[in-house]
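Open the model in your viewer and keep the sequence panel beside it. This tour goes stop by stop: what to select, then what is there.

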Amino acid sequence: MTIAIDVFLMALLVVAAIAVIRLRSLFAAVMLTSVYSLLSACWFTLQDAVDVAFTEAAVGAGISTVLMLGTLSLTQRNEKGGRGGHPILGLAVVLLTGTALVYATFDMPHYGDPAAPIHTHPIYEEYVHASYDKFHIPNIVTSVLASYRGYDTFGEVTVILTAGIAVLLLLSRAREEEGPPS
Amino acid sequence: MREYTVPRVVAKILIPYILLYALYVQFHGDFGPGGGFQAGVIFAAGVILYALLFGLAAARRVVPPDVVRVLIAFGVMLYGGVGVATMAKGGKFLDYGVLAHDPVHGQHYGILLVELGVGITVTAVMIALFYAFAGRRSA
């Protein structure tokens with residue numbers, strides 16, 4: 001039964017992706033990208049990656065869609081035709097990359113394999129069993145994110161800070177150049 | 001969208017629950033899925049929904065851009081501040097165990113504050129980005 005749902009979701013993802021590529025209406029493309037994110041979130045939930053699914057639904061389907069629509073209101077509603085580049089060349093690049101990625105998955109352990117490195121590595125015992133005795137936090141993701149990997153998360157927040165500042169600087173500067181000198 | 005009655009009424013009913021849910025995700029992240037990153041985005045989504053339906057000017061009155069700009073830095077300061085506090089208490093940077101007599105409680109305080117810092121920065125950056133994009137449209 002789960003296999004059927006997996007295949008169904010994957011098929012929908014492929015359909016959404018092809019539709020986004022073929023559409024010339026940018027508004028419809030943005031909405032379909034949002035649908036794509038929502039489908040990915042469903043897929044992550046099925047894989048028991050609830051925290052990732054949560055983020056994908058909130059960021060991918062929510063905020064980034066709004067920001068894309070905001071960008072759309074500054075530009076045209078339809079994609080201009082006649083983009084440069086050979087379609088054959090693009091197809092070749094995509095096929096090569098895809099083949100390389102599929103080839104790389106042959107080295108990965110099978111899904112749910114108990115002998116996979118993530119289950120046999122010593123850190124597994126620490127994160128999954130010892131972390132509750134140390135912190136009394138049922139959600140391992142939170143204790144790993146905030147405590148074991150506190151430095152990493154600090155770095156991530158700093159990345160968000162700098163990215164936010166950079167975008168704000170770019171946008172406010174462009175407005176000054178467009179507007180009349182004060 | 002300001003002229004449509006139904007979305008406005010529905011949004012008025014929904015926005016408090018969206019904000020409440022963001023706070024739930026923020027402070028319940030120890031027990032269920034979620035945490036500062038997700039909570040920040042959901043909270044910002046509530047504010048952005050308000051701005052979409054009631055206009056940018058109304059949203060700017062509720063959440064002033066100057067406050068947002070300060071909050072962007074404040075979240076990171078809070079996170080770093082917890083690290084400095086743990087160092088001042090004799091521990092290592094971001095070693096929350098020293099924050100309370102019981103190391104488990106110290107960890108709880110530390111994770112709560114750190115996640116709060118993450119949530120504040122993410123919320124503020126998302127709202128600031130939306131203001132920047134939407135502000136250009138009206139300019």
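## Stop 1: a tyrosine pair in chain B

Select Tyr21(B) and Tyr24(B). Both belong to helix α1 of chain B, residues 5-27, and sit three residues apart, about one turn of the helix. Bear in mind throughout that this is a predicted model.

Now show the rings. Over all chains, the structure holds nine aromatic pairs. In the pair Tyr21(B) and Tyr24(B), the ring centres are 6.0 Å apart and the planes meet at 25°, so this pair is stacked; planes under 30 degrees apart count that way.

## Stop 2

Select Tyr151(A), Phe154(A), Tyr79(B) and Phe93(B). Together they form one aromatic cluster, with members from chain A and chain B.

Next, pick Arg60(B) and Tyr131(B). The charged end of Arg60(B) sits over the ring of Tyr131(B), 5.3 Å from the ring centre.

## Stop 3: a buried glutamine

Stay in chain B and go to Gln107(B). Its helix is α5, residues 103-138. Gln107(B) is buried, at 9% relative accessibility. What is it in contact with, leaving aside its neighbours within four places in sequence? In chain B, the partners of Gln107(B) are Asp95(B), Tyr96(B) and Gly97(B). From chain A come Phe135(A) and Ser147(A).

## Stop 4: helix α7 of chain A

Look at the start of α7(A). There, a side-chain oxygen of Asn139(A) comes to within 3.2 Å of the backbone nitrogen of Val141(A).

Step back to His136(A), in the loop between α6 (122-135) and α7 of chain A. His136(A) is partly exposed, with 39% relative accessible area. Check its backbone: phi is positive, about 55°, although His136(A) is not a glycine. Most residues other than glycine have a negative phi.

## Stop 5

Select Asp48(A). Where does it lie? Asp48(A) is in the loop between α2 (26-46) and α3 (50-72) of chain A. Its phi is positive as well, about 65°, and Asp48(A) is not a glycine either. At 67% relative accessibility, Asp48(A) counts as exposed.

## Stop 6: the helices on either side of that loop

Colour α2(A) and α3(A). Two packed helices are described by the angle between their axes and the distance between the axes. Here the axes of α2(A) and α3(A) come within 8 Å and cross at roughly 175°. The two helices are therefore roughly antiparallel to each other; angles over 145 degrees count that way.

Show side chains where the helices meet. On the α2(A) side, look for residues including Phe27(A), Val30(A), Met31(A), Leu38(A) and Phe44(A). On the α3(A) side, those in contact include Val52(A), Glu56(A), Gly60(A), Met68(A) and Leu72(A).

## Last stop: Ala19(A)

Select Ala19(A), in helix α1 of chain A, residues 2-22. Ala19(A) is partly exposed, at 24% relative accessible area. Ala19(A) and Thr33(A) are 14 residues apart in sequence and 9.5 Å apart in space.

Note on methods:
Residues are numbered from 1 along each chain as its sequence is written. Chains are lettered from A and ligands numbered from 1 in the order in which they are written. This is a predicted model: local features need pLDDT of at least 70, side-chain atom pairs count only at pLDDT 80 or more; totals for chains, interfaces and linings use all residues. Side-chain values use heavy atoms; hydrogens and water are left out. Rings of Phe, Tyr and Trp (its six-membered ring) pair if their centres lie within 6.5 Å; planes under 30 degrees apart count as stacked, over 60 as edge-to-face and the rest as tilted. Helices (H or I, at least four residues) and strands (E, at least two) are DSSP runs, numbered from the N terminus. A charge sits over a ring if NZ of Lys or CZ of Arg is within 6 Å of the ring centre and within 35 degrees of the ring normal. A polar contact is a pair of N or O atoms within 3.5 Å; within protein, one must be able to donate a hydrogen and the other to accept it, and residues adjacent in sequence count only if both atoms are side-chain atoms. Buried means under 20% relative accessible area, exposed over 50%, partly exposed in between (1.4 Å probe, protein chains only). Axes are lines fitted to C-alpha atoms, for helices over the stretch in contact, and angles run from 0 to 180 degrees between N-to-C directions. Angles under 35 degrees count as roughly parallel, over 145 as roughly antiparallel, 65 to 115 as roughly perpendicular and the rest as oblique. Contact means heavy atoms within 4.5 Å.
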